[in-house]
Number of protein chains: 2
Amino acid sequence: MIMDDRKKRILQAIIDDYIDKAEPIGSRTIARKYELGLSSATIRNEMADLEEMGYLAQPHTSAGRVPSDKGYRLYVDKLMPTHDLNREEIRELNSATEDRVYELSQLLRHATAVLSNFTKYTSMAVTPKLRSSTIKAIQVVPIEAGKALVIVVNNAGIVKNSLIKVSEQATSEMLGRITNLLNDKLAGLTFEQADTERIKTLAREIGVTGDILTPILNGTAECMYQMGDHEMYVEGSTNILGHPEFKDMDKARQFLSLLDEKTSICKALSDSARPVGITVRIGSENELCSIRDCSLVTVNYNVADTMVGTIGIIGPTRMEYSKVISSIGYMKKLVCEEINRLLGHEHESV
Amino acid sequence: MIMDDRKKRILQAIIDDYIDKAEPIGSRTIARKYELGLSSATIRNEMADLEEMGYLAQPHTSAGRVPSDKGYRLYVDKLMPTHDLNREEIRELNSATEDRVYELSQLLRHATAVLSNFTKYTSMAVTPKLRSSTIKAIQVVPIEAGKALVIVVNNAGIVKNSLIKVSEQATSEMLGRITNLLNDKLAGLTFEQADTERIKTLAREIGVTGDILTPILNGTAECMYQMGDHEMYVEGSTNILGHPEFKDMDKARQFLSLLDEKTSICKALSDSARPVGITVRIGSENELCSIRDCSLVTVNYNVADTMVGTIGIIGPTRMEYSKVISSIGYMKKLVCEEINRLLGHEHESV
DNA sequence: GATTAGCACTCGCCGGGTCAGAGTGCTAAC
DNA sequence: GTTAGCACTCTGACCCGGCGAGTGCTAATC
C-alpha cells in the first residue's frame, strides 16, 4: 500500500486532534472538523489502511484510532506543523535568565523550571561532563591562621574550591611556592588524568614536606573530585499528573519513582542526545524500558566546545512535539549564551 | 468528663492501630488485639466518650473511629511509645554522611534523601540563613591574564566565589592591595550590612581607580548576594503516593504542587521550627492552610551558633510519629557533626 | 454501679445487569 | 472511487440489592 498525500493529511489531522483531545479519534470527527472534502466513510477506509500500515492503532474494536509510535515518528519527521514562538512565549522562556544567575547549576535549574512550566511536561538537565576538561590553574589561598582554600579552575573557567586546615606555621610565601609547584605538575592535564592516584604519586615525588603539603594535596584531590561529579536537575515532575495518560495512579507512581532514580535518567538523557541538534525519542525508541510509553526530547549544550551537557523534556508519547521542540531549541540557545556570559567568554564584564 | 488512665490506654491502642492500618478502628479490634481485659462493649462506651471529648472522630455513623488532631496531639505529647533506633536503622541513617560530602548543600541533599527513604514520607531542608553572619575575609586571586576570582569567606568558613574579568594590566600586586583595602572596609560586617548599596558607597569613597576596581566590587557584591541566598531541598515527594490518604489523585496533586512552591514550604519550615528541639505540627496546627491535613516535624540545626537552618519531614497526620521524631533527631546530630567537620571546626583535617 | 451479651440498625462497598453512545466494518447504491 | 445506511461491538455510567463491619441501646450479669 502506498502512503499518498491524502493519507498523510488524514494522519496529520488524527494526530493533531489526538494530541489535543487524548481520546481515540473517530472518522466522523475528522470529516467534520478538518475540511478534507471527504465523507466519514472514506476516511474510515483510509484509517483502516493506515492501521494496516502500522501508523494507527485501535484500542479495541469499535473505538476510534490512536497514533502508534510509527505514526508519531512520521508526524515528527514530516507532518508536524512548525511552532513559531510568539512574543509572549519568548518572554516567558527568557525569564530563565532574567534573575541573577551566578552558577551553572543555578542556570540549569532555572532553565528546567521554565521549560517544564512552559510545556507542562517534565524537564531535566545534566551538568556537563568536566572530567575531560583540563586544569587551567590551581591556587592555594590563606584565609586565616591555620586555614586555607584550595582553588582549581578548568579551561572553561569553572571553579571548584575546598577549605583545608594547614599548619599554623605555613606562611603565604610557602603556600605560593606550593601553588607554583602544583601548577607545574598538574596544569594542562585533564581531570581524568589528575586522579587521586596521580596526586598521591606527586606527594611521593616531592617527598613529604612536613604536614603542610598533605592537606593541600587532599584539598586538590577534593576539587578534582567535585569537578568530575555531575549533577542533574529535574523540574515539573508533577506536571505529568495533569495528563490523562497518567490518571492511573500506578502509572504515575512508576513514572515519578523513575525520575527519582537519577542515574538511569541521567544515562537516558546522555544516551539519547545526538552530538548536535534536537533529538526526539518516541515511545519504544527509548532504550530505557520504563519510559517506553513516553517521549524524550533532548538537546546538547556546549561549554567551551569540549564539555557537553544535556537538556531534556519528557512527556507522554502524545506530546505537543512542535511546541516542545521549538521551546527546547530556544532554551538551548539561551543557556549557551548565558554560560558564555557566566564564564567570561564574552566581552561584557559581570 | 475525666481523662482517666483507661481512656488513655484505649486511645493509644486506637492510634497505634490506626497509624498502622489507616482504616477506622472498631471496638472489637481493640478488644481482641490489645489485652486490656475489657469487652468490646465497654470499649465502645469509652470510645463514645473519647469522641465526645474530641480525641476521636467518626467518618460516618456505624464506622469505626479515627483519631482527631487533638487525639494525635495527646498521643505525641504523652502516649506515644519511644522508638529506639536499632543498629540496622542507625546504619541506614548514617549512610547520609558516608559518601564523600564536600558542601553543605550536598550534605543536606543526602540527609533529606536518606530521611525520606527511611521514613517513607517527604523530607525537606533549607540551608542556613547566612545574611546575619559576618565577613571574615575577602580575597582577589588572579587566575590568568584578564581574569580573577573574588572569594568571600564568612565567620563559619563558608566560601563563595565569583569569576570576574579584570584589566589585562592588573598585576597581582595591585590585586593584593585591593584585597587589603576590601578587608579593611568590609571584614567584620554582616552580609546584611554589606549590601550592594554599601559597596557602591565604598566605590565612591575610594574614588574610581580606573577599570580595575569596578569588576572586583561587582564580584564582591555577587558573592554577598550568593551568601544571602538560601536554598531548599525536597526529597521523596513521591513517597506520599504510597499512603492511602493520597490515593485520591487530586489530593496527591495538590500536595505535590505545594512542594513545588518552594517559598511557602520554606516559610512553613522556618516558622514551624522552634529554636531548639524537635517541633511537631499536627494537621490544623499548621499555619499553611494547604497542609492542614498533614503533619510537619521540624528541627533546627546550627552552623557556628548564629546561623540556623531547618530540616523537616512532612506526611499525613496519620504518621509514625515516634519513628519520624527519633530519626530526625538523629539526623540533626549527624548533620551538625558533619558541618563542623566540613568547615574545619574539628581537629581532623579533611 | 460497672461491665457485658444481644440485637436492631446504619452505612459503605462490591458485583451484576441494563442502557445509551460512539464508532466500526460491510454492503449496496451513486 | 466515494458515500449512505445499517447491523454490530465495546465501553462507561448508572442503578440496585446483598454483605459485612461496626455502632448504640437495652437488659442481664458481676
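This is a predicted model: local features need pLDDT of at least 70, side-chain atom pairs count only at pLDDT 80 or more; totals for chains, interfaces and linings use all residues.

On one side, H5(B) brings in B:Glu89, B:Ile90, B:Leu93 and B:Asn94, and what they meet in H12(B) is B:Lys323, B:Ser327, B:Tyr330, B:Met331 and B:Leu334. Sort the residues of that contact by type and you get five nonpolar, two polar and two charged. As for geometry, H5 spans residues 87-94 and H12 spans 321-342, and they pack at about 50° with their axes 10 Å apart. An angle between 35 and 65 degrees counts as oblique, so that's what we call H5(B) and H12(B). Their crossing is right-handed.

Now zoom out. How does chain A go onto chain B? A turn of 180° with a shift of 0.0 Å along the axis does it, at an RMSD of 0.1 Å. That's a two-fold axis relation. If you want a landmark in chain A, A:Met249 has the C-alpha nearest the axis, 3.5 Å away. And 100% of chain A's interface residues are interface residues in chain B too, so the copies meet through the same surface.

Last thing, backbone. Most residues other than glycine have a negative phi. A:Ala22 has a positive one, about 60°, in the loop between H1 and H2 of chain A. B:Ser62 is also positive, near 65°, in the loop between strands S1 and S2 of chain B. Buried or exposed? A:Ala22 is buried, at 18% relative accessible area, while B:Ser62 is exposed, at 71%.

How values were computed: Residues are numbered from 1 along each chain as its sequence is written. Chains are lettered from A and ligands numbered from 1 in the order in which they are written. Side-chain values use heavy atoms; hydrogens and water are left out. Copies are superposed by least squares on the C-alpha atoms of residues with pLDDT of at least 70 in both. Contact means heavy atoms within 4.5 Å. Axes are lines fitted to C-alpha atoms, for helices over the stretch in contact, and angles run from 0 to 180 degrees between N-to-C directions. Helices (H or I, at least four residues) and strands (E, at least two) are DSSP runs, numbered from the N terminus. Angles under 35 degrees count as roughly parallel, over 145 as roughly antiparallel, 65 to 115 as roughly perpendicular and the rest as oblique. A crossing is left-handed if the near helix is turned anticlockwise from the far one by less than a right angle, and right-handed if clockwise. Ala, Val, Leu, Ile, Met, Phe, Trp, Tyr, Cys and Pro count as nonpolar, Asp, Glu, Lys and Arg as charged, and the others, Gly among them, as polar. Buried means under 20% relative accessible area, exposed over 50%, partly exposed in between (1.4 Å probe, protein chains only).
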